[in-house]
Amino acid sequence: MKQKRTRGKDLKRRSEASATEETASLDKHEWKWRWFNQIVLVFAIGCVFGTYYEEIITLVKGLWENGTLEWFSRRGLVYGPFSPIYGVGAVGIYSMFYQTRAKWLTCLVGGALAGGVFEYLASVLQEWVFATRSWDYSDRFLNIGGRTTIPYMVFWGILVVFTARWLYPILNRAYGKLVGRGLNMFCMGLAIFLIFDIGMSLAANWRQAERREGGEVENRLDEFFDEHFPEERLKEVYENTEYVGE
């Protein structure tokens, strides 16, 4: 009788242990989806915000200086209102400052330094790969190599404080109400589209750089990009981009 009770207890323990492992596995699975979804959404929101922020600022600046009301494209990708440099910045703020629960002073100083370094390196990389520039601050006060400025770095620091300490907590609470299989599929589809969009944009700009250097059509891909992304179309997308090669 005692032996049967012991076996029953062992079976119960094993059953409880198995259930605990299954729950832990499920929690880990859900955590992965949660992390993936948040990164995708933060990146996409940052991309869209950056595009319209730049376009509205350009609109207001033109109205103030020239009295003209004209909308200019400040997109970073060939499809949709996405500026990936802002998307990367949004993910950086989320990872470095929000998830670490950084204090406001850390957000201000760290954000200013990180923003300035990122803007500088992004400008260098763009010029090195595509021989183009999307911004040039050579005539701005306290500029650093024309690629960033001290005032802009202060602005990035303030933006990090606002985003990490106020905006992301609100978005995180809103996300908590949307968790579900439908959200997982939406974020997966959005991620696939953004990867495709980034790939097409990089390829179109790479082919444009080849054309500027006199590169001939060598395969069907070259034909495709020459036909679908000629100079006129790329100029409409990247209105503020200037060629700086020889």
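Leaving aside neighbours within four places in sequence, with which residues is Gly 111 in contact? I looked this up and found Phe 97, Thr 106, Trp 156, Gly 157 and Val 160, where contact means heavy atoms within 4.5 Å.

**Basis.** I note that this is a predicted model, in which local features need pLDDT of at least 70 and side-chain atom pairs count only at pLDDT 80 or more, while totals for chains, interfaces and linings use all residues. Residues are numbered from 1 along each chain as its sequence is written, and side-chain values use heavy atoms, with hydrogens and water left out.

**Gly 111.** I located Gly 111 in helix α3 (residues 104-130). Helices (H or I, at least four residues) and strands (E, at least two) are DSSP runs, numbered from the N terminus. Gly 111 is buried, with a relative accessible area of 2%; buried means under 20%, exposed over 50% and partly exposed in between, with a 1.4 Å probe and protein chains only. I also checked Phe 97, which is 14 residues from Gly 111 along the chain; their C-alpha atoms are separated by 8.3 Å.

**Overall.** I recorded seven helices and four strands, in the order α-α-α-β-β-β-α-α-α-α-β along the sequence. Of the 246 residues, 33% count as buried.

**α2 against α4.** I found that the axes of these helices come within 10 Å and cross at roughly 75 degrees. Axes are lines fitted to C-alpha atoms, for helices over the stretch in contact, and angles run from 0 to 180 degrees between N-to-C directions. α2 is therefore roughly perpendicular to α4, a label that covers 65 to 115 degrees; under 35 is roughly parallel, over 145 roughly antiparallel, and the rest oblique. From α2, residues including Tyr 94 and Phe 97 take part, and α4 contributes Trp 156, Val 160 and Tyr 168 among them.

**Cores.** A nonpolar core is a set of buried Ala, Val, Leu, Ile, Met, Phe, Trp, Tyr and Cys residues joined through side-chain atoms within 4.5 Å. I noted 26 residues in the largest one; Val 42, Tyr 94, Phe 97 and Tyr 168 are among those with the most contacts inside it. Two or more residues each come from α1 (2-66), α2 (84-98), α4 (150-176) and α5 (181-212). α1 gives the most, with seven residues. Not counting residues up to four places away in sequence, Val 42 touches Ala 90, Val 91, Tyr 94 and Tyr 168. I then found a second, separate core of eight residues, which includes Phe 225, Phe 229, Leu 234 and Val 237.
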